[in-house]
Amino acid sequence: MGSYPEAGSNPGGNDCLVKRRLAAPYPSDSSEALEQSQILCADEARVADSRSNPRIGEYYLSNLTNPPMCHVMSPIVRSVTFRFDASFEPSWHPRLPEFACVANSVSLIMPYAEPYIARSVRQALPLLGEDLREEAKAYIGQEMQHQAQHRKFNDLVVGQSPRLSRVERAMAWTFRHLETHRSLSFNLAFAPGFETLAYTGARWTEKQLGHLFDDADPVASSLFLWHLAEEVEHKNVAYDVFHAASGKKLSYLTGMLSSTLMLIFFTWWSTWILLFDQRQLLRPAAHWHLFLWSFGFAFDLFPALFVSIMPSHHPSDLADPTWFRLWLECYDPKSRSIPLWNGSQPVCEPARPCLVE
Ligand SMILES: [Fe+2]
Ligand SMILES: [Fe+2]
């Protein structure tokens, strides 16, 4: 369950080619479209291949950047609803309870950070060109959908660990303070930093999907994976909005730094509370895993942050994690459903249990 393709295999197989051929953003000439599709899928296979056998340094040197034809994903608002029944256990990962603690801590931030970002971007809409304005609206739609789903999930988490409401109050105050006391330029710059972390989280997660999500609750797993997938999809928009509406270098640096530090701090605070409440604080294996994950995430995050502050940087230069993109293609807009995580490869057929609103 949940294993990656063997080194050298194409994660999407022929489906990958077919889907790319049908994708709208490619040139109208069919032979050119097919050729570009093949290049894109070959790149996906190369990323998957390196992921199966990553070596320090090589990973970023060879796979951090995308070829230009990969700059094509625009956000799509998917109204997926995640339902948790009365028996749902907020510590949703029996094999890795400490991972559930970290993930739940990240989830707690979303109803505070994402509406703050959405309101900032909404203020900038009149300053944007028509195309970017439409993308920004879709970006806002995705973020508001994310926070709404996390809010319902968080109610269950806080219900079991009421001390987390203290962290929630601190986050509410912090983001309200930023919105009312900082410039629009800073508030818009906060978003690219937030997106860089989210994008890095997706890359880091994709490298160990099976390890992190096998044996976990499938609905909770799907909530986090769906969110990460859409974070990859809209990784460019916040950057483009900031540069169209402001572009001030100092704001960009302070926004990036603030978002990174804040998200790490709030995640760390909530994680300690959850570890304590779930009696994981004295478990050495939990700390060992947290250390390994932190180290691995930092190893992914720092190069991404470094690249992100380079003058010639654009987020579309960063290679998309493959699995998420293929999984999102399984979304059915008619039934507003997406396959639940079940450890399989992200191929849409045969039919699997779906989330339906
Ligand atoms: Fe989001
Ligand atoms: Fe986002």
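Colleague: What is the orientation of H7 and H12 to each other?
Modeller: This is a predicted model, in which local features need pLDDT of at least 70, side-chain atom pairs count only at pLDDT 80 or more, and totals for chains, interfaces and linings use all residues. Residues are numbered from 1 along each chain as its sequence is written, while chains are lettered from A and ligands numbered from 1 in the order of writing. The axes of H7 and H12 (residues 284-308) are 9 Å apart at an angle of about 135°, where axes are lines fitted to C-alpha atoms, for helices over the stretch in contact, and angles run from 0 to 180 degrees between N-to-C directions. Because angles under 35 degrees count as roughly parallel, over 145 as roughly antiparallel, 65 to 115 as roughly perpendicular and the rest as oblique, the orientation of H7 and H12 to each other is oblique.

Colleague: How many nonpolar, polar and charged residues has the contact of H7 with H12?
Modeller: H7 passes H12 in a right-handed crossing; a crossing is right-handed if the near helix is turned clockwise from the far one by less than a right angle, and left-handed if anticlockwise. H7 contributes Thr196, Leu197, Tyr199, Thr200, Arg203 and Trp204, and H12 contributes Gly296, Phe297, Asp300, Leu301, Ala304, Leu305 and Ser308, with contact defined by C-beta atoms, placed from the backbone, within 7 Å. Ala, Val, Leu, Ile, Met, Phe, Trp, Tyr, Cys and Pro count as nonpolar, Asp, Glu, Lys and Arg as charged, and the others, Gly among them, as polar. The contact has seven nonpolar, four polar and two charged residues.

Colleague: Which residues of H9 make the contact with H7?
Modeller: The axes of H7 (residues 184-206) and H9 (residues 218-233) come within 9 Å and cross at roughly 120°, so H7 and H9 are oblique to each other. H7 passes H9 in a left-handed crossing. H7 supplies Glu195, Ala198, Tyr199, Gly201, Ala202 and Thr205 to the contact, and the residues of H9 are Leu228, Glu231 and Val232.

Colleague: How many helices does the protein have?
Modeller: Helices (H or I, at least four residues) and strands (E, at least two) are DSSP runs, numbered from the N terminus. The protein has zero strands. Among its contacts between residues at least 6 apart in sequence, 81% join residues at least 24 apart. The number of helices is 13.

Colleague: How many of the nine residues of H10 are buried?
Modeller: A residue is buried if 20 or more other C-beta atoms lie within 10 Å of its own, exposed if 12 or fewer, and partly exposed in between, with C-beta atoms placed from the backbone. In H10 (residues 237-245), the buried residues are Val237, Ala238, Tyr239, Asp240, Val241, Phe242 and Ala245, and what covers them includes H4, H5 (130-160), H7 and H11 (249-277). Not counting residues up to four places away in sequence, Val241 touches Val121, Ala124, Leu128, Leu132, Ala136 and Leu188. The number of buried residues in H10 is seven.

Colleague: What separation do the C-alpha atoms of Met171 and Ile109 have?
Modeller: Met171 is found in helix H6 and is buried, with 21 other C-beta atoms within 10 Å. Leaving aside neighbours within four places in sequence, Met171 is in contact with Ile109, Tyr112 and Phe266. Met171 and Ile109 are 62 residues apart along the chain, and their C-alpha atoms are separated by 7.2 Å.

Colleague: Where is Asp215, a residue other than glycine with a positive phi, found?
Modeller: Most residues other than glycine have a negative phi. Phi of Asp215, however, is near 75°. Asp215 counts as partly exposed, with 15 C-beta neighbours inside 10 Å. Its place is the loop between helix H8 (209-213) and H9.

Conventions: Two residues are in contact if their C-beta atoms, placed from the backbone, lie within 7 Å.
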